[in-house]
Amino acid sequence: MKKKIIFPLLILVLLSLAFAVSPLLATDEKNDSGAADTAGDTASGSGAADAAGDTAGGSGAATEKSGGLVALTFDDGPGNATNELLDELKKRDVKATFFIVGSRVEEYPDMIKREYKEGHELACHTWSHAKLTTLDAAGIQSEISQAETAISEAAGADLGKMLLRPPGGSYNDTVKSSVGTPLILWSVDPKDWKYRDTETVKDSIIANTVDGSIILVHDLYPTSIQGAIAAIDELQAQGYTFVTVSELFRRKGIPLTDGEVYKEAPNDGVDLGPLPKEEESTKAEDKQNSNGEKDTDQALFPWGLLIFCIIVLLIDAGGLLWLFWGCKPKWKETNNEKNDSHDDPHHRPAVNGRRTPWRRRNNGSKCNNRQ
Ligand SMILES: [Zn+2]
């Protein structure tokens, strides 16, 4: 009896082991791919060097484009010119951050929705563009929460707490302790609201932008928008990549803390890579960032598992064929010999009126061809 079931049991044990081990192998594979990504990042310098024809092992960094990551921010909107701005940003695949004045949302709800749908970051610039240093904690919180509610409603999604840019860049300890969100200022200010001149805005942005810069423009003025777009073209040609403020800090490895003031994202962090594509479009999904990364990793998962399972199943199928097919001829041979002795080739020996399994008819011996 034991001998009868030992091989099917062995197969079951092998199958169980295979399925138990396969996720571990898949995890290893995922880790490997992660390591490979890291190595790829490290090697990207030499890759760039190769692309530039510098195959002698020179410094990759020297041949890379000078640009880095920067965030373009638009304050005080939306306005009549915002639509044109969104058209131009879309053409260039640039994601910006809009610090929106809450009281203006009602007049331009479609623009808020469009900004959100097209992957820009929606952020708060208070309800009435109030100077927050003149308010107490309750007044500050009211300015912020009203604006956040209006922006979320117009966007058609619960965006929750947003980054805040205090009007005029004004803050004090009361502001810092009551806003409940990071305070985002700027490091590049072309004073577009003052000069209202496309070339001046463009030149000022280009001259002052470095890796990690946060650029301040206002989307109320056509000259600001045209200057900003011209600067984008030049800076992209220099190798700069435009990202939202949240992505800028995330990719620089700088965690944002509520109540802290940030003017730029210095390049002393770790570039964590781009946000998963599907999450760029919604801040709500942004909050599930870690899940999104898992999804990205899992895209690699089924291949290893699938190939491994196919191999295991093929081996098991071979084992089963070998087990049953390989035995039968031997049985048939033995059985035929027995039948011959009964002069009845179709006779199946019966014990107590029941036909016995083929193995028992084989005198209980196991397959002789299994060595
Ligand atoms: Zn403002």
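P190 is in contact (C-beta atoms, placed from the backbone, within 7 Å) with T200, V201, S204, I205, V217 and G227, residues up to four places away in sequence not being counted. The structure is a predicted model, in which local features require pLDDT of at least 70 and side-chain atom pairs count only at pLDDT 80 or more, whereas totals for chains, interfaces and linings use all residues. Residues are numbered from 1 along each chain as its sequence is written.

P190 lies in the loop between β4 (183–184) and α7 (192–195); helices (H or I, at least four residues) and strands (E, at least two) are DSSP runs, numbered from the N terminus. A residue is termed buried if 20 or more other C-beta atoms lie within 10 Å of its own, exposed if 12 or fewer do, and partly exposed in between, with C-beta atoms placed from the backbone. P190 is buried because 25 other C-beta atoms lie within 10 Å. The C-alpha atoms of P190 and D203 are separated by 8.3 Å, although these residues are 13 residues apart along the chain.

In helix α8 (residues 198–208), the buried residues are T198, V201, K202, S204 and I205. These residues cover an arc of only 165° around the axis and therefore lie on the same side of α8, the arc being that of the directions from the helix axis to the C-beta atoms. E199 and A207, on the other side of α8, are exposed. The elements covering the buried residues of α8 include α7, β5 (214–218) and α9 (222–237).

Strand β1 (residues 69–75) runs parallel to β2 and is joined to β2 by three bridges; pairing requires that DSSP find at least two bridges between two strands. T73 stands opposite T97 in β2. The chain passes from β1 through helix α3 (residues 82–91) to β2 in a right-handed β-α-β crossover, that is, with the strands pointing away from the viewer, the path from the first strand over the helix to the second runs clockwise. In β2 (residues 97–100), T97 and F99 point one way and F98 and I100 the other way, and all are buried.

β2 is also parallel to strand β3 (residues 121–124), to which four bridges join β2. I100 stands opposite C124 in β3. Within β3, E121 and A123 point one way and L122 and C124 the other way, all being buried. A right-handed β-α-β unit is made by β2, helix α4 (residues 109–117) and β3.

Helix α4 packs against helix α5 (residues 137–155) at an angle of about 75°, with the axes 8 Å apart. Axes are lines fitted to C-alpha atoms, for helices over the stretch in contact, and angles run from 0 to 180 degrees between N-to-C directions. The two helices, α4 and α5, are therefore roughly perpendicular to each other, a term applied to angles of 65 to 115 degrees. P109, I112, K113 and Y116 of α4 and I151, A154 and A155 of α5 make the contact.

The chain as a whole contains 15 helices and nine strands. Of its 371 residues, 30% count as buried.

Methods
Contact = placed C-beta atoms within 7 Å. Parallel < 35°, antiparallel > 145°, perpendicular 65-115°, else oblique.
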